[in-house]
Structure formats: C-alpha cells, structure tokens
Amino acid sequence: MHPGAWILWSLGAALVTMSTTNPFYLLPVLGAAWAVHAAHRTDGPQARSFRIFLTFGALTVVTRTLLVFLLPSSVSAGAIVSALLEGLRLAVLLTVFGTFNSVADPFGVLRLAPRRFHEPALAAALALSIAPRTIASVARVREAQRMRGIHIGRLRALPALAVPVLETGMEEAVTLAESMDARGHGRGRRTRYRPESWDRPSVATAVAGVAGAAVFLVAMTRDIGLSVSTFPLSWPEAMPVLVLAACVLALPAFLTPSRS
Amino acid sequence: MTEAVRFEDVSFQYLERSDFALRHVSLAVPEGAFALVCGATGAGKSTFLRAVNGLVPHFTGGIFSGRVLVEGRNTLEGAPRELSDVVAFVPQDPGASFVVDRVEDELAYAMENLAMAPATMRRRVEETLDLLDIERLRDRSVRTLSGGERQRVAIAAALTPGAKVLLLDEPTSQLDPQAAEDVLAALQRLVHDLGMTVLLAEHRLDRVAGFVDMAIGCLGQGRVIAGGPADILERVQAGPAVSRLGRLLGWSPVPLTVRQARRMAQQRGFKPGRVPQPRTPSQGPVLLEAKGVSAGYEGTVVVKNVDLSLRAGEVVALMGRNGAGKSTLLRCLGGLRRPDGGSVTAGGAEVEAGRDAALCPQTPEDILFKDTVGEEVRATLQAHGRNDGAPKILDALGIGHLATRHPRDLSAGERLLTAVAATVSTDAQVLLLDEPTRGLDGHTKERLSRFLRGYAAEGRTVLFASHDVELVAELATRVVMLAGGEVIADGAPREVMAGSPVFAPQTARVFGSDWLTPEELSGSLE
C-alpha cells in the first residue's frame with residue numbers, strides 16, 4: 001500500500017469527524033477506523049499504540065462530560081448531551097489518528113519526502129521511534145530497580161529511574177549514529193529502493209477517504225445541519241447519504257488485501 | 001596473497017584517558033581470512049574493530065597515529081561512510097542499529113546511500129535474503145524479530161553494498177546455542193563461498209575456535225598481536241573448554257575443537273580415570289515454590305503450567321531457546337508479575353519482589369545510577385533500612401578495590417559484578433540472574449561462579465538463566481530446561497545435558513556423558 005493512500009484516507013476521515021457532532025455519522029467513522037485497523041495493522045510497536053489511543057478516546061468522552069458538572073454553569077440535559085457528543089467527536093478523531101499510526105509505517109510515510117528533505121525527514125522518523133523505545137526502557141528499569149527493593153514512585157527515587165533510562169538512550173543513539181555512518185549515511189546522492197506505486201488498492205483507499213470527505217464538505221456548504229441541536233434538545237436526524245458516505249470510509253478494510 | 005586489512009604502527013588514545021587503547025599495533029589480515037578478535041573484557045576488542053572501518057578515530061575522537069588500510073584504502077582519508085562499500089560493520093546490539101522499520105527496507109538502506117541503481121538493489125536484496133536464509137522475514141518489522149533473526153538481518157543489512165570485509169562485535173553473545181551455530185554457519189559460508197574477510201570479536205569460543213583460521217589477541221594496555229588461533233588463545237589465556245582440557249592434561253599443541261581432542265585422545269590411547277561422584281541434589285528446605293504457573297501476553301501463553309521448587313544450597317540453571325519463556329518465568333518467580341494461573345510462594349506467602357527474591361537484570365546498566373560502586377551497594381542497603389556490609393559484599397566479589405570508582409568507567413565485567421553486588425545486598429533468600437555471563441571473559445565468569453557457589457552454600461538459593469553450556473556444566477547443581485514455555489527436563493546437569501546434541505558440554509562430547517567439565521575429567525586421574 002502506498003503510504004500516501006493512508007495519508008489521504010486519514011485526512012478524509014478526520015475531516016468528516018471534524019465537521020459533525022451527529023452520532024449517526026460519527027459512529028460509522030469510528031467503526032470504519034476500527035475495521036481498517038483490524039484489517040491492516042502492522043506488526044511493529046507503533047501498531048500496539050492503537051489501544052492507547054482508544055483508551056485516551058474513552059477518557060476524553062468521560063472528562064468532557066464531567067467538566068459540565070464541575071464548571072459553574074447550569075447543568076441541563078442539553079449541556080450534558082452536547083458535552084458527550086463533543087467528547088465523542090474528539091474520541092473518534094483520536095481513533096482515526098491511532099489507525100493511521102498502526103497501519104502506516106512512519107518510515108514509509110517519510111520516504112515520500114522529496115530527496116532534498118531526506119535528512120530532516122529521517123531525523124523526524126528517528127524521533128518518532130524514540131517514544132516507544134523510551135517507554136519500553138522506563139518499564140524495564142522500573143522493574144529492575146524494584147527487584148533490588150528500590151521502588152520508584154517517590155520523587156527521591158527518581159534518579160534511580162532517570163539515570164539508567166537516559167544513559168541507555170544515549171548509548172542507543174550513539175550505536176544508531178555509528179551504524180548509520182558505517183552504512184554510508186550522508187554521502188549525498190542517494191537512490192530509492194522499490195518506491196511504492198499507486199496500485200489499485202492504494203487508489204481505492206485514497207478514493208474512499210477523499211469521497212467521504214467530499215460528501216461532507218458539500219453538506220457543509222449546503223448548510224445541511226451536521227451538528228445536533230441541544231438547545232432545545234432534539235433527536236438528531238440521519239441523512240442516508242451522509243451515513244453512507246461515512247460508511248464508505250470502511251471500504252479499505254474490505255476491498256483491499258491486508259498486509260500479511 | 002593480498003591483504004584485506006593492514007595496521008601500520010597504529011596507536012590510539014581516547015580523549016581524557018591516559019592509557020593507550022591501541023599501542024604500536026602492526027599487523028595484517030589476508031584476504032579471505034576468518035579472524036577471531038579475542039581478549040579480556042575491556043582489553044580493546046571493540047576499539048580494534050572500530051579502527052578497521054574508521055569509526056576510530058573519526059567517530060570517537062581521540063589521538064591517533066600510524067595508518068590503517070582496508071582493501072588498500074586509508075581510513076584517515078575519509079569518514080567511515082566513504083568506506084561503506086568496502087567494509088561493513090555489525091555492532092554488538094543490532095537492535096539499536098536498525099534505521100528503518102521493515103526488514104527489506106533495512107537491507108536496502110546502505111545501498112540507497114551509495115546511490116545504487118534500483119535494479120541492482122533489487123537483485124542484491126533478493127540474493128542476500130537467500131544467502132542468510134531470512135527470505136520469510138522480508139516484510140516483518142525489525143522490532144519484532146527474535147535475537148537470532150535480528151543478528152542475521154543486521155549482517156544482511158551490512159552486506160548488501162558489496163563490502164569485502166565484514167566486522168562483527170560479539171554476534172553470538174545473546175543467542176541460544178542453536179541460533180549461535182546458525183549465525184556462525186552463515187559467516188563461514190561468506191568466507192568459503194564468497195571469499196569475504198570476516199573479523200569477529202567474541203568471548204564464546206567453544207564453536208568459533210573451530211571455524212577461524214587466524215586470531216588477533218588484545219592483550220590489554222593497547223597491545224594487539226596476530227597469529228594462529230592456538231598460539232593467540234594461549235597468549236590471552238582463553239579458549240574453548242577442550243583447550244583448557246588439553247592444558248590440564250598436558251597435551252601439546254592444545255586442541256581447539258572437539259574433533260581434534262577426540263583424535264588426540266585416540267592417538268595417545270588416553271583413558272579417563274574413575275567416574276566422578278554425581279552431584280547430589282540438595283535436600284535443603286524449599287525457599288521458593290512455583291505451582292502450576294502460567295503466564296502470557298496478549299492472548300499468547302508464554303509459560304505453561306510450570307512446577308518448580310528451589311531449595312536452599314542449590315544453584316539452578318534455567319536453559320532453553322531464545323523465546324522459550326525464560327525471562328517471563330523469571331519475572332513470575334521474582335514476583336514482578338503475578339502469574340495468570342498458579343502461584344509462586346516464599347515461606348508460605350506470595351513472593352515479594354526485592355525482598356524474598358532479587359533479580360540481577362540482563363543489562364547491568366538498567367540498575368546502576370550512583371556515582372560510585374560503593375554508593376550503588378549502599379542504595380540497596382538503605383532501601384532495606386540497613387547501613388552495613390557494603391565493603392564485605394564488594395570484597396566477596398573481588399571488586400573491593402573499585403569501591404570509589406564510577407560504574408561507567410568500569411569494564412563490562414566489572415559493571416556486571418557491581419550490579420550483582422547491588423542485587424545481593426537485598427539479602428534475599430532467592431537470587432535470580434538473567435543471563436549474567438553474556439559478553440564476559442573467562443576470568444570474570446570464574447569470579448562470579450565462585451561467588452554464586454558460596455552464596456548458595458550459605459543456605460540460599462540461586463537460579464540463573466543462561467545459554468552458556470560450559471558455565472552451566474561447571475556451576476549448576478541442577479538444570480531446568482524450558483521449551484515452548486513448559487519444563488521439559490529438570491535434574492542433575494549430567495542427566496539433562498550430557499546426552500543432548502545441542503546442550504552437551506565439550507568434555508562430554510569428547511569422553512562421554514560421565515564427565516562434564518575439564519576439571520572433573522582431570523580430577524578423575526588423581
């Protein structure tokens with residue numbers, strides 16, 4: 001799959017999500033994101049972060065709703081529903097981002113960068129890979145210290161965690177830099193190995209994203225109500241065309257072959 | 001014969017260090033040689049390797065004199081990247097050296113940097129995938145590979161630009177015996193079939209010694225010499241178990257391989273003496289008991305229904321392939337994670353991490369955070385509300401003289417001993433160690449063995465995970481073998497190891513299953 005296809009699909013799904021608070025449109029997007037993740041997830045550590053995005057999404061809904069009760073304003077059914085839907089919108093957005101993260105290899109995406117931006121692109125890709133490595137390192141060091149009776153939780157014990165994590169990180173960075181230099185990094189001219197082509201599945205994926213977004217864009221310009229009326233509170237309407245457009249986003253999960 | 005690598009009066013000093021890392025080194029490695037770089041930890045093996053492709057001094061900085069020629073090119077005349085088409089380098093921890101995510105792209109990375117034609121790249125990637133037998137891994141993420149796979153992918157990724165010289169820093173130190181064997185076989189194919197020159201730094205010499213045709217010995221203080229494997233190993237006082245056996249028996253020249261030893265024994269009509277007493281299993285009280293322990297991650301079961309009791313006075317070795325579940329089992333035994341099924345108890349109650357059981361981690365750097373070795377031990381003591389005994393434990397490990405040194409300035413072996421000191425200061429009844437001897441020289445191994453034996457003899461129990469069959473044969477009173485998360489053998493080393501095609505120590509391979517170590521065999525003659 002061409003990495004550009006995932007970029008277009010994710011942008012499309014994100015645009016649809018941003019444009020509405022109607023659960024009849026948001027829930028199909030959520031379902032589509034989940035289906036695409038399930039069908040195309042890669043096996044790298046990046047893919048495992050999908051669950052973290054989902055968790056964050058759920059937290060967003062809860063927090064946004066709780067805010068209604070904490071803020072010094074009147075609590076009404078409308079306010080609660082409005083908060084719930086806004087929370088849902090953010091959660092769906094996070095899920096779409098999580099899906100992008102789990103199906104597209106960040107290095108693959110950055111290979112799209114034009115040749116003269118190779119250096120900054122590589123730096124960005126490496127920076128992206130630091131987060132999962134550091135998380136793993138923190139977990140490892142925390143456990144190792146616990147096995148000698150040093151519990152990391154109090155501020156005083158922080159050096160026991162920070163020093164090994166930082167030193168390991170530094171050493172890994174030096175190893176990586178050495179390896180890159182020894183493998184000819186920075187010689188100037190370079191070619192590209194097997195650039196991904198826009199094959200049929202890639203085009204289908206990109207079209208699904210763009211088509212979904214296009215329908216919602218048109219709806220926005222036509223002033224068709226995409227948000228739910230909460231003052232007064234009324235049952236949201238679902239236009240079949242828009243529900244269908246949101247469902248189109250799930251097509252890459254069914255139409256295109258999965259990675260493995 | 002032409003030379004692949006040539007050192008001409010090379011001296012090198014790291015900045016802020018008064019001693020030489022390389023001192024007046026002159027030697028040559030002929031083309032097509034398979035050379036072993038050996039010596040104690042901290043004697044300069046890594047520095048020597050890095051000098052071959054110019055990482056020393058271009059990358060490290062420091063004071064450099066003399067010159068190094070690789071395939072006729074002077075390393076001082078360009079950065080290491082300018083040499084990437086003639087010399088390839090695989091660092092000690094290949095996991096940290098991967099640049100991109102997918103195996104196939106990783107293989108192409110160095111060629112892309114050389115601006116090779118796409119068609120050439122495609123062909124070379126395919127050839128190299130076959131050469132190292134990793135075709136089925138091509139679409140995998142490099143982060144999900146096992147240790148042996150990672151090592152072979154790293155070698156493949158270094159090879160694709162067509163370098164004629166390959167440098168490897170301890171490629172088998174993290175691998176189980178079979179995976180190590182596979183990597184060595186792949187290297188031998190490169191030497192035999194492709195005429196490549198391979199320079200390999202390694203501590204685990206049991207298999208390597210039979211493969212190489214020359215050796216480069218790092219003697220410390222920057223002295224480096226080259227010669228035949230037997231002579232050099234003699235000089236650095238290292239070698240496979242059969243060499244130690246040969247020395248103990250007074251054979252000359254000492255054998256390097258099991259086959260040589262067998263032939264020499266035949267020629268001399270050598271007969272071993274009386275069969276040694278089997279090591280009797282400990283009858284001490286049970287200090288840790290695991291019953292029906294199962295554990296897994298994300299739906300896959302890694303440890304299945306393990307029963308295991310550790311008794312006072314025992315030194316138990318935990319063996320098995322990479323991925324057999326050793327680390328997960330250790331985490332359950334140490335109380336780091338509660339098993340999904342079954343229980344782990346110490347003295348009738350659920351085991352408490354850091355109190356009932358202590359675990360020395362695979363990488364000592366994971367726990368070292370203080371400025372001196374002594375403070376490191378005191379940090380553990382303080383966590384347990386004590387304030388005594390730091391000097392005693394350091395002396396017992398033979399590192400008392402390092403108490404005021406910074407752990408970072410120590411050799412890998414000394415750092416490990418520091419981590420062991422910091423771990424055992426918990427005074428836990430159960431000491432667990434996760435592959436404590438990887439990358440250690442024979443001398444440090446011996447010191448650690450002596451300490452662990454004494455520690456267990458004081459009425460505690462020691463369990464260590466290891467791939468090092470010779471160490472296990474020497475140290476363990478009991479061996480537990482894991483496969484697919486299950487215990488498949490549990491008993492005296494002689495029962496479990498001696499007959500195994502993969503786990504038998506060299507002495508048993510030469511003289512049969514009654515003798516496991518050179519010392520046992522030579523002892524039988526008295």
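Author: Start with the buried residues of α3(B). They are B:Val103, B:Glu104, B:Asp105, B:Glu106, B:Leu107, B:Ala108, B:Tyr109, B:Ala110, B:Met111, B:Glu112 and B:Asn113. This is a predicted model. Count the residues of the helix: 11 of the 11 are buried, so α3(B) is largely enclosed by the rest of the structure. To count as buried here, a residue needs 20 or more other C-beta atoms within 10 Å of its own.

What does the covering of these residues include? From chain B come α4 and α5 (147–159). From chain A comes α6 (106–110). Just after the helix, B:Ala115 takes a positive phi of about 55°.

In total, 55 residues of chain B are in contact with 41 residues of chain A. Several elements of chain B each supply at least two residues of its side: α3 (103–113), α4 (118–131), β16 (357–360), α12 (373–383) and α14 (412–424). Which gives the largest share? It is α3(B), with seven residues. Sorted by class, this side of chain B has 31 nonpolar, 12 polar and 12 charged residues.

Now step back to the whole of chain B. Its secondary structure comes to 19 helices and 20 strands. Of its 526 residues, 55% count as buried. The C-alpha atoms fill a box of roughly 65 × 55 × 50 Å along the principal axes. A compact globule with 526 residues would have a radius of gyration near 24 Å, and chain B agrees, with 24 Å. Look at the contacts too. Take those in chain B between residues at least 6 apart in sequence: 68% of them join residues at least 24 apart.

The axes of α2 (residues 23–40) and α10 (residues 240–248) of chain A come within 8 Å and cross at roughly 15°. An angle under 35 degrees counts as roughly parallel, so α2(A) is roughly parallel to α10(A). The crossing is right-handed. On α2(A), the contact is made by A:Phe24, A:Tyr25, A:Pro28, A:Val29 and A:Ala32. On α10(A), it is made by A:Leu242, A:Val243, A:Ala246 and A:Cys247. Check the spacing of those numbers. An α-helix has 3.6 residues a turn, so residues three or four places apart point the same way. By class, this contact has nine nonpolar, no polar and no charged residues.

Technical notes:
Residues numbered from 1 in each chain as written. Chains lettered and ligands numbered in written order. Predicted model: local features only at pLDDT ≥ 70, side-chain atom pairs only at ≥ 80, totals over all residues. Contact = placed C-beta atoms within 7 Å. Helix = DSSP H or I, 4+ residues; strand = E, 2+ residues; numbered from the N terminus. Nonpolar A, V, L, I, M, F, W, Y, C, P; charged D, E, K, R; others polar. Axes fitted to C-alpha atoms, helices over the stretch in contact; angles between N-to-C directions. Parallel < 35°, antiparallel > 145°, perpendicular 65-115°, else oblique. Left-handed = near helix turned anticlockwise from the far one by under 90°. Buried ≥ 20, exposed ≤ 12 C-beta atoms within 10 Å, placed from the backbone. Rg over C-alpha atoms; globule rule 2.2 N^0.38 Å.
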